[in-house]
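Trainee: Please take me through one part of this model closely, residue by residue where that helps.

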Amino acid sequence: AGLGSARGVPYMPAGAVLRDAMRRGGPSVVFAGLSASLLLSTHSAFWWSAYQDAKSRLYPMMKPELEALAAERPWLPSPIVSTSDNMPINCFAAVAAGTVVAVVWNPASVLRTRMQLAAAGANPAPRLRDVARGIWQREGARGFMKGTCMAVVGTAVDVCAFTIFYELGKQLAQRSPA
């Protein structure tokens with residue numbers, strides 16, 4: 001296998017992939033998994049909501065400890081001891097929110113993946129409810145939760161890194177002249 005290929009499948013430019021999919025199954029193959037993807041598009045809004053909720057619960061709980069830490073160790077930087085914009089608390093809130101979102105949205109992710117895989121060999125591509133029914137009949141509820149553990153781990157790393165860079169960006173923006 002050469003650069004850009006896996007398992008002996010040669011690399012194809014996006015246009016060639018699109019033409020091949022249209023030839024094999026038309027729009028139903030090209031747009032396989034779109035309905036599940038649209039459901040997943042609400043993922044970000046749900047994460048931001050869960051993130052804000054987690055922060056609103058964590059800050060009041062941690063305020064006394066943060067004030068004591070700031071008094072004991074005045075040399076610590078503000079982002080570590082702040083009672084209103086604290087990087088460790090924000091990271092913890094982000095991971096907590098990301099974990100909830102990964103678990104709640106995992107069934108939609110499973111559906112999207114299965115629809116896309118099924119569309120590769122089907123003409124026309126299967127419908128969402130048919131794929132969902134098949135998973136339920138063959139695997140039960142557990143089938144919808146496959147990959148949840150890796151989704152949680154991946155999301156935790158992703159949102160923690162995102163939060164750190166987001167918080168650093170906020171600090172840089174606050175320091176720059178207007």
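Mentor: Helix α6, residues 87-119, bends by about 45 degrees at Asn106, the bend being the angle between axes fitted to the seven residues ending there and the seven starting there. A proline, Pro107, follows within four residues. The model is predicted, with local features needing pLDDT of at least 70 and side-chain atom pairs 80 or more, while totals for chains, interfaces and linings use all residues. Numbering starts from 1 along each chain as its sequence is written, and side-chain values use heavy atoms, without hydrogens or water. Helices are DSSP runs of H or I, at least four residues long, numbered from the N terminus.

Now the packing of α4 on α9. Helix α4 spans residues 43-72 and α9 residues 148-175; their axes lie 14 Å apart at an angle of about 70 degrees (lines fitted to C-alpha atoms over the stretch in contact, angles running from 0 to 180 degrees between N-to-C directions). The two are therefore roughly perpendicular, a label for 65 to 115 degrees. Trp47, Trp48 and Tyr51 of α4 meet Val159, Phe162, Thr163, Tyr166 and Glu167 of α9, contact being heavy atoms within 4.5 Å.

Nine aromatic pairs are found in the whole structure (ring centres within 6.5 Å, Trp by its six-membered ring). One joins Trp47 and Tyr51: with centres 4.8 Å apart and planes at 10 degrees, the pair is stacked, that is, under 30 degrees. Trp47 and Tyr51 are four residues apart in α4, so about one helical turn separates them.

Key: Parallel < 35°, antiparallel > 145°, perpendicular 65-115°, else oblique. Phe/Tyr/Trp six-rings, centres within 6.5 Å; stacked < 30°, edge-to-face > 60°.
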